[in-house]
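Please open the model in your viewer and keep the sequence panel beside it.

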Amino acid sequence: MTETAALPPPSVPLATVVDLLSLTPRPACAPAPGSPDDLLAARLQRLQRRRAQAAAEEAELILALAGQRPAAADPAPEHPGARRAGWTAQPGDGEVSEFCTAELAAVLNVGRGTAAIRLTRALTWVRKLPATFAALRAGELDERRAQQLADAVKDVPADVAARVEERLLGEARDLSVTRVGTRAAELVLQLDAAAAEEARVEAAKTADVHVYPSPADGRAVLAVDLPAEEAAAAKDLFDQLARMLKADGDERPIGLLRTLVASALILHPADNGLPLVTANLRITAALDALEGGNTPGEVNGLVITAAHLRDLLTRLAALGVTTPDGGSLAYAVTGPDGELLATLTPAELERLAKRGCPQHPAGDCGCAVAGPPPETTNYRPTERQRAFIGARDRRCRFPNCGQRVGWADLDHVVPHSQGGATACANLCCLCRSHHRLKTHAPGWRFAMTPDGTLQVTTPSGVTRSTRPPGLRPREPEPPPPPESPPDPTAGPPPPAESRSTDDDPPPF
């Protein structure tokens with residue numbers, strides 16, 4: 001049996017940590033406790049080489065999978081379901097199926113963006129940086145430096161990439177990771193300014209706005225991909241306005257003032273001649289949080305603390321039965337495991353509370369008076385079904401996809417054309433990309449359990465499951481109690497014909 005040392009708390013001195021780790025049995029090839037420091041350094045270097053070799057092996061396997069998914073299998077441009085140009089760039093120069101990145105994401109259990117990055121760098125290493133890839137396979141160049149080289153040349157012609165590699169690879173091991181990327185970018189500009197300009201134009205086509213959760217509770221980072229001069233000008237504008245507030249006596253930190261200025265300019269653009277807009281927020285709150293509990297809430301998929309949630313709802317005047325101007329308010333009723341039972345407007349909730357159970361109007365019978373919207377015979381879901389599924393799913397249900405509900409379609413898990421019902425138990429939110437994958441990509445299988453858990457199986461046989469965000473995993477059934485040992489003093493059981501039949505089930 002292998003013994004392991006428990007991880008010590010952070011307050012334990014480092015010397016004690018080393019002593020604890022030295023108690024853990026080591027492989028036969030590892031140096032014994034107390035070996036010289038150079039042996040420990042050698043082990044770390046061997047581990048670094050193995051990581052590089054593993055990255056190269058992963059790239060080879062990714063390319064092998066991509067080779068099995070040619071773009072020829074995708075819907076042709078003139079056919080229904082064909083991809084529309086202008087949404088997102090696809091790796092593979094038109095040779096690889098647009099659905100390959102989704103399959104790779106499911107296989108690796110990562111997001112689609114991460115999968116696209118890994119496929120792109122694998123293609124770049126093999127097609128444009130063969131010497132870099134050979135060094136990676138041999139463990140002579142680490143993954144991060146190889147990644148910097150790939151990022152710099154992925155959009156330039158192969159001959160330019162080869163010249164960059166020839167000039168830089170020899171010294172890349174001795175440069176910092178950041179310096180490798182900077183030096184590669186400089187070489188691209190030096191060797192082929194026209195190609196660099198073309199790469200800049202291509203990069204502009206994939207620019208986007210992203211929201212990332214912040215390490216601090218209840219906060220998020222808004223990232224805008226802009227041309228360098230526009231980003232610098234925007235930052236300078238925020239800084240100037242924040243310094244004006246400082247000069248007027250505002251004692252808050254300058255960084256906070258810059259964020260407040262940026263938020264005001266984005267959310268209140270009237271002074272710039274732009275049309276006024278109303279933000280759409282989906283706020284998810286547990287009842288105990290509104291009553292003072294600690295259950296976190298969500299705002300458009302971003303987790304916030306219970307205290308932040310109560311403050312937000314109070315400021316939006318949404319704690320009573322008041323609906324914000326231009327918005328909507330609905331209550332989500334959940335079960336003991338977080339499963340969504342019903343969605344109700346304030347008026348519906350008040351009416352049901354007054355009416356009670358139609359069968360037992362005089363007593364507290366415990367009968368359910370609300371539930372999911374009923375099934376419809378139509379193909380299109382009803383508005384009640386849309387509200388229920390939106391509150392249940394909150395975002396695209398494909399594994400590792402975080403696209404919010406406002407940009408998602410309601411999809412029949414079992415297609416309507418194959419007898420699938422337009423019912424909440426057969427509907428889920430999928431973003432347009434994953435909706436098209438389910439409809440048009442061959443070999444994928446989707447299934448959903450009654451509690452809304454979606455199971456997705458790739459053509460390569462990997463299955464991933466996603467629960468609705470509020471649904472908690474059920475507690476495992478407790479094991480049966482151990483059987484009591486037989487009593488050695490007890491006599492033998494009576495004959496079968498003499499036993500009483502009072503407890504036997506019919507027909508006796």
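What pLDDT does the protein chain average? The average is 78, and 70% of the residues score at least 70, where pLDDT is the predictor's confidence in each residue, from 0 to 100. This is a predicted model, in which local features need a pLDDT of at least 70 and side-chain atom pairs count only at pLDDT 80 or more, while totals for chains, interfaces and linings use all residues. Residues are numbered from 1 along each chain as its sequence is written, and side-chain values use heavy atoms, with hydrogens and water left out.

**Confidence along the chain**

Colour the chain by pLDDT and select helix H5 (residues 130–137), where confidence is highest at a mean of 96, and then helix H1 (residues 14–22), where it is lowest at a mean of 53. Helices (H or I, at least four residues) and strands (E, at least two) are DSSP runs, numbered from the N terminus. Next select residues 1–8, where the pLDDT is below 50 and the stretch has 7 contacts beyond near neighbours in sequence, a contact meaning heavy atoms within 4.5 Å. Residues 496–508 also stay under 50, and for them the model has 2 contacts beyond four places in sequence. Where pLDDT is low, the predicted coordinates should not be read in detail.

**Salt bridges**

The structure holds 18 salt bridges, each being a side-chain nitrogen of Lys or Arg within 4 Å of a carboxyl oxygen of Asp or Glu. Select Glu98 and Arg436, which form one of them, with their closest N and O atoms 2.9 Å apart. Glu98 lies in the loop between helix H2 (37–67) and helix H3 (100–108), whereas Arg436 lies in helix H16 (residues 432–440), so the pair ties together parts that are 338 residues apart in sequence. Both Glu98 and Arg436 are buried; buried means under 20% relative accessible area, exposed means over 50%, and partly exposed lies in between (1.4 Å probe, protein chains only).

Move on to Asp409 and Arg432, whose salt bridge has its closest N and O atoms 2.6 Å apart. Asp409 belongs to strand E8 (residues 408–412) and Arg432 to helix H16, so this pair ties together parts that are 23 residues apart in sequence. Are these two partners buried or partly exposed? Asp409 is buried, with a relative accessible area of 15%, while Arg432 is partly exposed at 49%.

**Two positive phi values**

Most residues other than glycine have a negative phi, and most peptide bonds are trans. Select Asn109, which is not a glycine and yet has a positive phi of about 60°; Asn109 sits in the loop between H3 and helix H4 (112–128) and is partly exposed, at 44% relative accessibility. Then select Arg394, whose phi is also positive, near 70°. Arg394 is found in the loop between helix H15 (383–393) and E8, and at 17% relative accessibility Arg394 counts as buried.

**A nonpolar patch**

Finally, show the surface and select Val209, Val211, Leu222, Val224, Leu226, Ile266 and Leu267, which form a nonpolar patch with about 600 Å² of accessible area together. Patches are made of residues with over 30% relative accessible area and no salt bridge, like charges being joined within 9 Å and nonpolar side chains (Val, Leu, Ile, Met, Phe, Trp, Tyr) within 5 Å; accessible areas come from the Shrake-Rupley method with a 1.4 Å probe, and for residues only the protein chains shown count as cover. Strand E1 (209–213), strand E2 (220–224) and helix H11 (254–267) each supply at least two residues of the patch.
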